[in-house]
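Biologist: I am new to this structure and would like to learn how to read a few of its features. Could we go through them one at a time?

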Amino acid sequence: MTELDAIDLKILDEVQKDGRISVVELARRVNLTKTPCGERLRRLEREGVIKGYGARLNPSAIGAAHLAFVQVQLKSTTADALADFNAAVLKAREIQSCHMVAGGFDYLLKVRTADIAGYRETLGAVISKLPHVLQTHTYVVMEDVKDEIALPIPKARRAKTAP
């Protein structure tokens, strides 16, 4: 994994806030000139620290306002069963995220649909048809209090300093 210094962390923090920031403005904010800032940014992209850029959409505006979390328990947790389940989840557009967890169930899904009727349809046509599903428990979100996608950037004092 790439060693990140304090300037790299500042760049990552700024790019998370605004993925459309110009290199000139980014350089100003992190106290570098344009060329070394651009080189660092390209290195962070090339090395996979920055995985990509995208727009954050308003779920209500695109007909995906209904949010539910679904606990999934599998019939089997063999390597093949897990691989089958994972492959099927990757194809399901309504499943926004999927996490294998430790505890009383195997996976936690974040599912977005237009409304409760859309969720019921997705539950029957998609989620219950995922391979090796034994049972599910659904938790409907009533209000988004916090739903961040930005990662917490460590404090510079904890990062390796630039040479």
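Biologist: Over which residues does pLDDT stay under 50?

Modeller: In this predicted model, pLDDT (the predictor's confidence in each residue, from 0 to 100) stays under 50 over residues 157-163. Where pLDDT is low, the predicted coordinates should not be read in detail. For residues 157-163 the model has 11 contacts beyond four places in sequence, a contact being heavy atoms within 4.5 Å. The chain has a mean pLDDT of 94, and 94% of its residues reach 70 or more.

Biologist: What should I know about the numbering and the limits applied?

Modeller: Residues are numbered from 1 along each chain as its sequence is written, and side-chain values use heavy atoms, with hydrogens and water left out. Because this is a predicted model, local features need pLDDT of at least 70 and side-chain atom pairs count only at pLDDT 80 or more, while totals for chains, interfaces and linings use all residues.

Biologist: At what angle do helix α1 and α2 pack?

Modeller: Two packed helices are described by the angle between their axes and the distance between the axes. Helices here are DSSP runs of H or I with at least four residues, strands are runs of E with at least two, and both are numbered from the N terminus. Axes are lines fitted to C-alpha atoms, for helices over the stretch in contact, and angles run from 0 to 180 degrees between N-to-C directions. Helix α1 (residues 6-17) packs with α2 at about 130 degrees, the axes being 10 Å apart. The two are therefore oblique to each other; angles under 35 degrees count as roughly parallel, over 145 as roughly antiparallel, 65 to 115 as roughly perpendicular and the rest as oblique. Their contact joins K10, I11, E14 and V15 of α1 to L26, R29 and V30 of α2.

Biologist: And how do helix α2 and helix α3 cross?

Modeller: The axes of α2 (residues 23-30) and α3 (residues 34-46) come within 9 Å and cross at roughly 100 degrees, which makes α2 roughly perpendicular to α3. Here V23, V24, L26, A27 and V30 in α2 meet K34, C37, G38 and L41 in α3.

Biologist: Which value of phi does N31 have?

Modeller: Most residues other than glycine have a negative phi. N31, in the loop between α2 and α3, has a positive phi near 65 degrees. N31 counts as exposed, with 69% relative accessibility (buried is under 20% relative accessible area, exposed over 50%, partly exposed in between, with a 1.4 Å probe and protein chains only). H132, in the loop between α5 (116-125) and β4 (133-140), also has a positive phi, near 70 degrees, and counts as partly exposed at 29%.
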